[in-house]
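Subject: Structure for your files

Dear colleague,

Here is the structure I said I would pass on. My notes on the ligand site and the domains follow below.

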Amino acid sequence: MTLADRVRQAVGAVSDPELRRPIGDLDMLREITVDGEHARVGIALTIVGCPAADRIESDVRRAAESVAGIAEVTVDVGVMTPAERKALTEKLRDGRPARQMPFVPDSLTRVILVSSGKGGVGKSTVTANLAVALSAQGLAVGLVDADVHGFSIPGLLGIPAGTQPTRIDDLMLPPVAHGVKTISIGMFLRDGEAVVAWRGPMLHRTVQQFLTDVFFGDLDVLLIDMPPGTGDIAISIGQILPHAEVLVVTTPQAAASDVAIRSGLVARQTGQRVIGVVENMAAFTLADGTVVDLFGTGGGAEVAAALSKSSAGADPIPPVPLLASIPLSPALRAGGDSGIPVVLGDPSDAAAQAIRALADTLAHQGRGLAGKSLPISLS
Ligand SMILES: Nc1ncnc2c1ncn2[C@@H]1O[C@H](COP(=O)(O)OP(=O)(O)OP(=O)(O)O)[C@@H](O)[C@H]1O
Ligand SMILES: [Mg+2]
C-alpha cells in the first residue's frame with residue numbers, strides 16, 4: 001500500500017454526520033496525493049453550504065494527520081456535480097424508487113406510536129427520552145413529531161429553532177439530535193406560520209410526505225409522537241401505518257383512564273397493535289421517604305387491564321402489559337426545557353431509570369413478533 005492509499009483508507013472511514021455512513025462509501029473522496037510528508041485530500045460535499053461541512057473537513061484533516069508519515073494536510077473542499085449527487089441519492093435509496101414510503105409492513109423497522117387520550121400527560125417528554133435511550137443502546141432510531149399543532153420534539157431534544165432538514169436534491173435528511181434522526185412539522189414552517197387552519201387532507205398529505213420524502217436510512221425503530229386524542233392525524237397514521245405498534249401513555253389518575261382506553265381501542269380498530277401502557281407522572285419519593293402521589297394511583301394498571309379485555313365474541317387479544325411507571329420528576333421536566341433529555345443529563349434520576357428500563361424492555365422484544373398475532377389456539 002502506498003502512503004496515499006493509507007491516507008485514502010483513513011479518510012474514507014470518516015463518517016458523514018448526517019448520512020451516518022463512511023464518506024468513502026458515499027463517493028465523497030476525490031484525488032488524494034502525497035508529496036513527502038504533505039497530503040492533499042480532495043473531498044466533495046453533497047451540497048453548497050452543507051451544514052456538516054466544517055465537521056467533515058476537520059474530521060478528514062484529523063484522519064489524514066493520523067497516518068504515520070504524514071505531517072501536513074491540505075483539504076480541498078468541493079461540491080458534487082448533479083450527476084454525482086444523483087448517483088449518491090440512488091445509492092442511498094438502495095434500489096427503492098423515490099416517492100415510496102419505506103415503512104411498509106414487511107420492513108425491518110419497528111414503528112411505535114406514542115399516543116394518549118388526554119393532552120399534557122407527557123407523551124412528547126417520554127418519547128424524546130425513549131428515543132435517546134434506545135439510541136444509547138446502539139439502535140438506529142428515528143423520531144417523527146406528528147403533533148402538527150403543538151410540536152415540541154425539537155425543543156425537547158435541543159434542536160435550535162430554525163433548523164431545517166438538509167436537502168440533497170429531493171432527498172431530505174433529518175437533523176440528528178443526541179443520536180436520533182428527528183423530523184418535525186416545526187421544521188417546515190416559516191416564522192409564525194400557523195397550521196390551525198389545516199384540515200384533514202392537508203394533514204394527511206403532510207404526514208405522508210414526512211414518511212416518504214425524509215430519508216431516515218435503515219432504522220431499527222421509528223417512534224412517532226402523536227398529538228393528543230383520536231383526531232385526523234391519528235386516523236391518517238392508522239391508514240398509512242396499519243402495522244404500527246402503539247404505546248398508550250396515561251397518568252395514574254382514574255379520570256384520565258377512560259380517554260386513554262378509547263385511544264387504544266381506536267388504534268386497534270385500524271389494525272395497529274397496542275403493545276403496552278406507560279403510566280407517567282406517577283408517585284415520587286421525597287428524600288425523607290415520604291411518597292407523594294399527586295395524581296393518585298392505579299390509572300396505568302386500569303388502562304392495561306381494560307385494553308387486555310376482548311369484546312364479547314371477538315378473537316382473544318394478547319394481554320396488554322403496564323410496561324413502565326414513570327414518577328413525577330423535576331429533572332425530567334428540566335431536561336425537556338434545556339434540550340438535554342434526563343436519560344443523558346441526569347441518568348440516576350428515578351424517571352430516567354424508569355425510561356431506560358422501558359427502552360430495555362422494548363429493545364429486547366423480538367422484532368419478528370412485532371405486530372403479528374401468535375398462532376396460539378385456546379382449546
Ligand atoms: N414525569 C414527569 N414529571 C414532571 N414533569 C413532567 C413529567 N412528564 C411530563 N412532564 C411535564 O409535563 C408537561 C407536559 O408534557 P408533554 O409536553 O411531554 O406532554 P404531551 O402529552 O406531549 O402534551 P401534548 O398533549 O400537548 O402533546 C411538560 O411541561 C413536561 O415537562
Ligand atoms: Mg406532545
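The side chain of Ser124 has an N or O atom 2.8 Å from an oxygen atom of ligand 1, a polar contact in the sense of a pair of N or O atoms within 3.5 Å. Another oxygen contact runs to the backbone, where an N or O atom of Gly120 is 2.9 Å from an oxygen atom of the ligand. For a nitrogen atom of ligand 1, a polar backbone atom of Pro327 lies at 3.1 Å. On its own ligand 1 has 640 Å² of accessible area (Shrake-Rupley, 1.4 Å probe), and the protein covers 76% of it.

This is a predicted model, in which local features need pLDDT of at least 70, side-chain atom pairs count only at pLDDT 80 or more, and totals for chains, interfaces and linings use all residues. Residues are numbered from 1 along each chain as its sequence is written, chains are lettered from A and ligands numbered from 1 in the order written, and side-chain values use heavy atoms, without hydrogens and water.

The shell around ligand 1 holds 16 residues, each with a heavy atom within 4 Å of the ligand. Gly120, Lys123, Ser124, Thr125 and Ser329 come nearest. Helix 4 (123-136), strand 12 (273-282) and helix 10 (330-338) each give two or more residues, and helix 4 gives the most, with three.

The domain assignment, automatic or from a database, gives domain 1 (3-93) and domain 2 (110-363). Their C-alpha centres are 37 Å apart. The contact (heavy atoms within 4.5 Å) takes 13 residues from domain 1 and eleven residues from domain 2.

Regards

Notes
Polar contact = N/O pair within 3.5 Å; in protein donor to acceptor, adjacent residues only side chain to side chain. Helix = DSSP H or I, 4+ residues; strand = E, 2+ residues; numbered from the N terminus.
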